[in-house]
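Here are a few notes to read beside the model.

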Amino acid sequence: MRAVVQVASTAHVEVEGQITGQLDSPGLVILLGVTHEDDQAIARKVAEKIWQLRIMEDETSAAGVNAPLLVISQFTLYGSVRKGRRPSWSNAAPGPISEPLYEYFVEHLRELGASVQTGVFGAMMNVSLTNTGPFTMIVDSADLP
């Protein structure tokens with residue numbers, strides 16, 4: 001599982017002109033990609049790591065300041081440009097595998113106490129945000145103990 005985590009003062013995601021999720025106050029935008037080896041244990045580990053990361057203002061965590069989260073599915077995080085000019089998506093898990101794990105990730109964050117809004121899985125989305133800092137981190141389950 002791979003996540004791009006951005007601290008944002010504002011953010012929203014639109015599908016077909018309708019806002020489906022937004023940050024009501026400063027928080028985190030999480031773009032989440034799922035690969036073939038991922039499971040619920042990995043989703044829990046990544047969710048807990050992000051929720052506790054001390055990347056908010058004054059080195060606090062989203063959990064510490066109860067910051068809202070906007071989670072958006074992003075299969076392209078597993079794109080490969082190793083060969084040729086056209087990216088390969090073979091490392092990204094297909095929808096029937098990745099959608100339940102994406103939903104589980106979101107639900108686990110809510111169980112941890114997070115206020116979470118989302119995009120629409122598999123939809124063409126327009127994401128707008130004001131990145132604060134700018135501060136962007138990549139959290140990869142392959143790097144976690």
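1. How many bridges join E4 to E5, and do they run parallel or antiparallel? Three bridges join them, and the two strands run parallel. Two strands pair if DSSP finds at least two bridges between them. Val71 stands opposite Thr118 in E5. The chain crosses from E4 through H3 to E5, and this β-α-β crossover is right-handed. That term applies if, with the strands pointing away from the viewer, the path from the first strand over the helix to the second runs clockwise.

2. A word on the source. This is a predicted model: local features need pLDDT of at least 70, side-chain atom pairs count only at pLDDT 80 or more, and totals for chains, interfaces and linings use all residues. Residues are numbered from 1 along each chain as its sequence is written, and side-chain values use heavy atoms, with hydrogens and water left out. Helices (H or I, at least four residues) and strands (E, at least two) are DSSP runs, numbered from the N terminus.

3. Strand E3 (residues 27-33) also joins E4, through five bridges, and these run parallel. Leu28 stands opposite Leu69 in E4.

4. Five of the five residues of E4 are buried, so E4 is largely enclosed by the rest of the structure. Buried means under 20% relative accessible area, exposed over 50%, partly exposed in between (1.4 Å probe, protein chains only). Leu69, Val71 and Ser73 point one way from E4, and Leu70 and Ile72 the other way.

5. Tyr102 lies in helix H3. At 2% relative accessibility, Tyr102 is buried. Phe121, at 25%, is partly exposed.
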